[in-house]
Amino acid sequence: MTVTTYKWTIERYHRAIEAGIFDDQPIELLHGDLILMPPEREPHAYYNSEAADYLRTLFGEQVKIRDAKPITLPNDSEPAPDIAIVKPLGEIYLEHHPYPEDIYWVIEFSQATLSKDLNEKKQIYAEAGILEYWVVNLRTFQLQVFRNLQNGQYTTEIILTTGTISPLAFPDVLIQVQRLIGFRK
């Protein structure tokens, strides 16, 4: 017997949400598959919140910092990255979640979902054309930065534990790595 899974489109997924089918279920759509999101533990919630506040302070109104909010991608994916740094388009986001062309970069804080974030999500973001993807690895306390898209794949990975980094879209802004990954005693 062959097992065939049902693939969701963005449109069907949105209709199901509107119908209340997924109420109170933390899910995201990745490549047409519904993926349950694990509960967020304290370190994940803390670092995510602190980093989002730090980025809001750095960027002010130049960008919109969306934490744990969906983005809509053309590969039948609607993930909810921990932080999406997007264009401040105001009420446009009443009509739709940010599309790839609205997104400067995304950040995932990862411990339990590290394999998914470094593989499937990285692939989805690259295929969608998101120019930069950062993973804060909460197991090793390092920032993994993926850049330089070619043929739907990131070709460069930078691993940082100290210093500063500038996002591709904002080369004059210096972000302190340890403000994202946390200070360890």
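Colleague: Where does the charged end of R66 sit?
Modeller: In this predicted model, the charged end of R66 lies over the ring of Y93, at 5.3 Å from the ring centre.

Colleague: And how many aromatic pairs are there?
Modeller: The count is 13 aromatic pairs. One of them joins Y125 and Y133, with ring centres 4.8 Å apart.

Colleague: Why is the pair of Y125 and Y133 edge-to-face?
Modeller: Their planes stand at 65 degrees, and the cut-off for edge-to-face is over 60, so the pair falls in that class.

Colleague: Is Y125 buried or exposed?
Modeller: Y125 counts as buried because its relative accessibility is 0%. Y133 also has 0% relative accessibility and therefore counts as buried.

Colleague: What about F146 and Y154?
Modeller: F146 and Y154 form a tilted aromatic pair, 6.3 Å from centre to centre with 40 degrees between the planes. Both F146 and Y154 are buried.

Colleague: Which residues do ring pairs link into a cluster?
Modeller: The cluster consists of F59, Y104, W105, W134 and F170.

Colleague: Turning to pockets, what volume has the largest pocket?
Modeller: Its volume is about 330 Å³. The lining comprises 18 residues, and those nearest the centre are P38, E40, H44, D82 and T113.

Colleague: Which element gives the largest share of that lining?
Modeller: That is α4, with 3 residues. Both β5 (103-110) and α4 (114-128) supply at least two lining residues.

Colleague: And what is the lining by class?
Modeller: There are 8 charged, 7 nonpolar and 3 polar residues in the lining of the largest pocket.

How values were computed:
Residues are numbered from 1 along each chain as its sequence is written. This is a predicted model: local features need pLDDT of at least 70, side-chain atom pairs count only at pLDDT 80 or more; totals for chains, interfaces and linings use all residues. Side-chain values use heavy atoms; hydrogens and water are left out. Rings of Phe, Tyr and Trp (its six-membered ring) pair if their centres lie within 6.5 Å; planes under 30 degrees apart count as stacked, over 60 as edge-to-face and the rest as tilted. Buried means under 20% relative accessible area, exposed over 50%, partly exposed in between (1.4 Å probe, protein chains only). A charge sits over a ring if NZ of Lys or CZ of Arg is within 6 Å of the ring centre and within 35 degrees of the ring normal. On a 1 Å grid over the protein atoms alone, a cavity is a set of points where a 1.4 Å probe fits but cannot get out, and a pocket is an open set with protein on both sides within 12 Å along at least five of seven lines; lining residues have an atom within 4 Å of a point. Grid points are joined across faces, edges and corners, and a volume is the space filled by probe spheres set on the points. Helices (H or I, at least four residues) and strands (E, at least two) are DSSP runs, numbered from the N terminus. Ala, Val, Leu, Ile, Met, Phe, Trp, Tyr, Cys and Pro count as nonpolar, Asp, Glu, Lys and Arg as charged, and the others, Gly among them, as polar.
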